[in-house]
Amino acid sequence: MRNDMKALVKTKPEPGLWMEHRAVPEIGPDDVLIRIRKTGICGTDIHIWNWDDWAARTVPLGLVTGHEFAGEIVEIGRNVDGLTIGQRCSGEGHLIGKQSRQSRAGKFHLDPATRGIGVNEQGAFAEYLKLPAFNVVPLPDEIDDEIGAILDPLGNAVHTALSFDLVGEDVLITGAGPIGIMAAAVARHVGARHIVITDVNQDRLDLAAQVTDVVPVNVAKQDLRDVEGVLKMKEGFDVGMEMSGNQAALDQMVENMVMGGRIAMLGIPPGKSPVDWSRIVFKAITIKGVYGREIFETWYKMIAMLENGLDIRKVITHRFPVDEFREGFEIMRSGKSGKVVLDWT
Ligand code: NAD
Ligand code: ZN
């Protein structure tokens, strides 16, 4: 085993990431070592690249970044059962505590002591990743490495989309970023009726229409009510998924929901945002905040759906060898991409 590896590190408190040489992590008795093959660039990584206020507050300098990955197990801690050397895998990037009420109830995704790889702990943008065996998710042969590398954001999409019953429902998704687009594909897969996705970025709306059967609406140019009219919708959307983090999008969603509508909110507003609570009350709207993925129920569901025809491959628009990571980050930062995947092999 080599003891030196390449890793993308947040070395300096300024925009950028730097390729460095690091020691290969030493695993403990409950961990595995994963040889990384493919990684996805996430919006979170862009925040870290840009070194915005959130990143400066949250991320320690010297951190190996990245949390979306697929690879192969190359070493196994002595307490680990049920995993094998050579096993292909992805994994949950949230490292959870096991003491809290929610964790002890088996709701691991609600543990308040959670720490994220590539945010608080050493991450996956490296040739090797140390991960607790508990977090490993083996990949079936049908799921290749590049899809394996985007299961983390697909998990956000699946967790959000499966928050409410979608069968036969009219669904509004605000924000056609990679996660919004994948949520639309999931809604289509599980049997929603009309799925309308909004954005102000036409490239992303065009991509949404290539990935799945949705009605893309550019809200900078088109009136959402007109679209509802064309679709012969009478009372508004049954289910909303907020996936932009934009205040105007949330307001528009609330206005366009049916009485008693249900909203799952994944998008993260930049700060405190004003909400017209009287609209929520008088429309009897339910709002659910969505964080991460259910560990491991969301993983189970998404793998099952991928094995059963859910196709999200076209959401990957760019692929680069890792030495060209700057190009990958540049295209992500431009907003002119879907998912960008880096190859570490
Ligand atoms: P993204 O930034 O790539 O996509 C957001 C999209 O919203 C962009 O295409 C943008 O043009 C669009 N948008 C901006 N204004 C809009 C408006 N008025 N109406 C409609 N769309 C508008 O983000 P992503 O990676 O797809 O993630 C989606 C959201 O989910 C982000 O806010 C992200 O921070 C958040 N997120 C939350 C979690 C969680 O655990 N809660 C996890 C991952 C991501
Ligand atoms: Zn991510």
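Two strands count as paired here if DSSP finds at least two bridges between them, and the strands themselves are DSSP runs (E, at least two residues; helices are H or I, at least four), numbered from the N terminus. Keep in mind that this is a predicted model, where local features need pLDDT of at least 70, side-chain atom pairs count only at pLDDT 80 or more, and totals for chains, interfaces and linings use all residues. Residues are numbered from 1 along each chain as its sequence is written, chains are lettered from A and ligands numbered from 1 in the order in which they are written, and side-chain values use heavy atoms, with hydrogens and water left out.

Let's start with a sheet. Three strands make an open, antiparallel one, in the order E2-E1-E4. E2 and E4 (63-64) are the edge strands with a single partner each, so one side of each has no neighbour in the sheet. Strand E1 (residues 4-10) runs antiparallel to E4 and is joined to E4 by two bridges. Look for Val9, which sits opposite Val64 in E4.

Strands E2 (18-23) and E9 (128-132) each supply at least two lining residues, and E9 gives the most, with four. By class, the lining has nine nonpolar, two polar and five charged residues, with Gly counted as polar.

Now over to ligand 1. It is surrounded by 21 residues, with Asp199, Arg204, Leu266, Val290 and Gly292 the closest; a residue belongs here if one of its heavy atoms lies within 4 Å of the ligand. The backbone does some of the polar contacting (N or O atom pairs within 3.5 Å): a backbone N or O atom of Val290 is 2.9 Å from a ligand nitrogen, while a polar backbone atom of Ile268 is 3.2 Å from a ligand oxygen. Helix H6 (178-190) and strand E12 (195-199) are the elements giving two or more residues to the shell. That shell divides into nine nonpolar, 10 polar and two charged residues.

How values were computed. Polar contact = N/O pair within 3.5 Å; in protein donor to acceptor, adjacent residues only side chain to side chain.
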